[in-house]
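Okay, thanks for coming, everyone.

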Amino acid sequence: MVRLSGPQAGIALNSLAGRVPAPRMATRAVLRDADSQPIDDAVVLWFPGPASATGEDVAEFHVHGGRAVLAALFAALSAFTDLRAAEPGEFTRRAFENGKLDLTEAEGLDDLIHADTDRQRRQALRQLKGLLGDRARDWRERIIEASALIEAGIDFSDEGDVSAELIAPALAKIKRLLGEIEEVLAAQGQTERLREGLVVAIAGPPNVGKSTLMNQLARREVAIVSPHAGTTRDVIEVQLDLDGYPVTVMDTAGIRETDDPVEQEGVRRARTRAAEADLVLWLVDGVSSGAAVDGAVPMWTVRTKIDLAAGKAESGGFDFEISASRGDGIKELIEALVAFARDYFGSGDAGVIGRERHRQLLRETANLLHRSMSAVSQGEEFMAEDLRAAAHSLGRLLGRVDVEDILDKIFRDFCIGK
């Protein structure tokens with residue numbers, strides 16, 4: 001499918017298809033180039049603006065996907081002087097600029113395109129459908145209403161239509177709104193991290209079965225397994241889908257003291273990546289030894305090789321006991337990883353926050369609302385300024401910032417100057 005957007009879309013459609021069909025009606029047409037040579041027997045659609053995906057005139061050519069067909073169609077389109085190839089993301093950008101999408105919906109579309117797991121897809125669809133944007137628009141409108149009350153009390157106190165006591169209802173609106181935003185922030189866990197996924201590092205001394213466990217989790221051979229210590233000298237990563245949660249598992253070099261400069265670099269990288277992970281699986285094949293990773297990172301101690309005689313000598317004191325080569329305990333470990341991911345990402349399908357940008361701006365808005373309530377004793381002007389800043393933060397979240405909104409609300413609701 002080849003899509004055109006802009007004022008030349010109808011002209012190009014008429015030229016290639018011989019006519020412009022009825023709006024939003026799929027129509028079969030033989031496409032012809034400037035020399036009247038047939039390009040393809042295709043289906044064309046016409047979406048006159050502003051009732052289109054981008055808000056502009058849009059034409060679509062649904063053609064057969066062969067390279068020759070596409071090359072001929074592109075050659076015919078390039079003959080029009082006012083047509084050019086779209087930049088990456090330009091159709092979505094035009095939809096945003098023409099008010100068809102807010103910024104959170106545009107981000108949701110991007111996330112949907114790049115979704116690798118079912119949970120990422122569902123979260124992206126919620127953003128694309130405007131779950132956060134709709135709430136943010138409602139919150140911003142209510143901030144503007146509260147701000148209008150304060151501004152009216154400051155600037156138009158001599159008008160008969162304006163009550164002298166407007167602070168109390170404004171404070172009530174702000175308090176309710178602050179509670180809603182803080183409830184969203186508190187309930188979300190780290191749902192914005194669902195885009196990048198959970199990072200799990202497999203670490204431990206050399207030759208304890210780290211690479212074998214990695215291959216078990218990936219269900220394929222992604223890491224070299226050898227009885228010789230120090231086989232893995234770099235960090236190996238694999239992307240997994242665990243019950244719809246995106247998980248990056250890292251197999252790291254065995255952590256030990258060594259004189260080999262190459263292995264030393266592998267150990268350094270292993271320590272660094274383990275310290276940056278969201279969860280560390282510390283593997284040992286006998287008596288547990290201390291983990292040489294950042295203690296701030298959640299860590300599970302996993303006893304390996306329980307199928308071997310040496311592994312049976314010691315038991316207890318471990319979070320999990322497995323045989324990576326035979327598969328014992330792997331199912332229980334994976335179930336625990338899924339449960340950890342569920343707790344880590346928070347409220348699953350109810351999640352509203354899709355990106356760290358969203359969380360930061362909502363937190364900034366909540367802080368400004370809280371500060372505006374505390375500023376009552378200092379004067380309405382300070383309170384009004386904090387409310388303006390809070391509305392601006394939500395405007396940045398949506399990609400819509402209009403400084404005239406407050407004045408429009410004042411004159412509409414209070415009929416000042418009538």
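I'll go through a sheet, a pocket and some aromatic rings.

Quick housekeeping: this is a predicted model, so to speak of local features we need pLDDT of at least 70, side-chain atom pairs count only at pLDDT 80 or more, and totals for chains, interfaces and linings use all residues. Residues are numbered from 1 along each chain as its sequence is written, and side-chain values use heavy atoms, with hydrogens and water left out.

Sheet first. We have four strands in an open sheet, ordered β1-β4-β3-β2, with antiparallel pairing. Strands here are DSSP E runs of at least two residues, helices are H or I runs of at least four, and both are numbered from the N terminus. Two strands pair if DSSP finds at least two bridges between them. At the edges stand β1 (2-5) and β2 (27-32), each with a single partner strand, so one side of each has no neighbour in the sheet. From one strand to the next, the twist averages 35°; the axes are lines fitted to C-alpha atoms, for helices over the stretch in contact, with angles from 0 to 180 degrees between N-to-C directions.

Now β2 and its neighbour. β2 and strand β3 (residues 38-47) run antiparallel and are joined by six bridges; Arg 28, for instance, has Val 43 as its bridge partner in β3. Five residues sit between the strands of that hairpin, and there Ser 36 takes a positive phi near 65°. In a regular strand, side chains alternate between the two faces of the sheet. In β2, Thr 27, Ala 29 and Leu 31 make up the covered face, while Arg 28, Val 30 and Arg 32 are on the uncovered one.

Next, the largest pocket, with about 520 Å³ of space. Grid points join across faces, edges and corners, and the volume is the space filled by probe spheres set on them. The lining has 20 residues, and Arg 3, Leu 4, Arg 84, Ala 85 and Ala 86 are the closest to the centre. β1 gives the most, four residues.

Arg 3 turns up again: its charged end sits over the ring of Phe 91, 5.9 Å from the centre (the cut-offs are NZ of Lys or CZ of Arg within 6 Å of the ring centre and within 35 degrees of the ring normal).

Last, the aromatics: five pairs in total. Ring centres of Phe, Tyr or Trp (its six-membered ring) must lie within 6.5 Å; planes under 30 degrees apart are stacked, over 60 edge-to-face, the rest tilted. Tyr 245 and Phe 345 have centres 5.7 Å apart and planes at 15°, so they're stacked. Tyr 245 is in strand β7 (residues 245-251) and Phe 345 in helix α10 (residues 330-345), so this pair ties together parts 100 residues apart in sequence. Both are buried, meaning under 20% relative accessible area with a 1.4 Å probe, protein chains only (exposed is over 50%, partly exposed in between).

Methods
On a 1 Å grid over the protein atoms alone, a cavity is a set of points where a 1.4 Å probe fits but cannot get out, and a pocket is an open set with protein on both sides within 12 Å along at least five of seven lines; lining residues have an atom within 4 Å of a point.
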